[in-house]
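Trainee: I would like to learn how to read a few features of a model. Please take them one at a time.

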Amino acid sequence: MYNENVLKSLLSRFGRDNVISYCKTESYKNSLLYDDCMKLENPPECVEFGYERDWWSDAAYKLEVYGVYWTGDKKPIVES
């Protein structure tokens, strides 16, 4: 399942404010994993953690500032 689909499901079930907290937590978790991975000096394997960290951080920011998250094609994801 892609992050956008997960986000849409979370918004529908838990609402924007709770999902913002989740996004921040998920971003922080992936930040910890990324930092730990980088200590092993094998950066190619760390790319996914960095991507996930940034994706969830961006989602939290967009939900907080704009009230919606939009995909690359500019279609907003809003809570149902």
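Mentor: Begin with helices: helices (H or I, at least four residues) and strands (E, at least two) are DSSP runs, numbered from the N terminus. Just after α1, Gly15 has a positive phi of about 85°. This is a predicted model, in which local features need pLDDT of at least 70 and side-chain atom pairs count only at pLDDT 80 or more, while totals for chains, interfaces and linings use all residues. Residues are numbered from 1 along each chain as its sequence is written, and side-chain values use heavy atoms, with hydrogens and water left out.

Trainee: How many residues does helix α1 have, and what does α1 reach from its first C-alpha to its last?

Mentor: The expected span of a helix is 1.5 Å times one less than its number of residues. Helix α1, residues 3-14, has 12 residues and reaches 16 Å, close to the 16 Å expected.

Trainee: Which residues in α1 are buried?

Mentor: Buried means under 20% relative accessible area, exposed over 50% and partly exposed in between, with a 1.4 Å probe and protein chains only. In α1 the buried residues are Asn3, Leu7, Leu10 and Leu11. They lie on the same side of α1, because they cover an arc of only 100° around the axis; the arc is that of the directions from the helix axis to the C-beta atoms.

Trainee: Which cysteines form a disulfide?

Mentor: A disulfide is a covalent bond between the sulfur atoms of two cysteines. The criterion here is a pair of cysteine sulfur atoms within 2.5 Å, and the count comes to 1 disulfide. Cys37 and Cys46 form it, with their sulfur atoms 2.2 Å apart. The link of Cys37 and Cys46 is left-handed, with -90° about the S-S bond. Cys37 counts as buried at 9% relative accessibility, and Cys46 is buried at 0%. Cys23 is also buried, with a relative accessible area of 0%.

Trainee: How many aromatic pairs are found in the whole structure?

Mentor: Rings of Phe, Tyr and Trp (its six-membered ring) pair if their centres lie within 6.5 Å; planes under 30 degrees apart count as stacked, over 60 as edge-to-face and the rest as tilted. The search finds 3 aromatic pairs. The ring centres of Trp55 and Trp56 are 4.7 Å apart and their planes are at 75°, so this pair is edge-to-face. Tyr61 and Tyr66 also form an edge-to-face pair, at 6.2 Å centre to centre and 80° between the planes. Ring pairs link Tyr22, Trp55 and Trp56 into a cluster.
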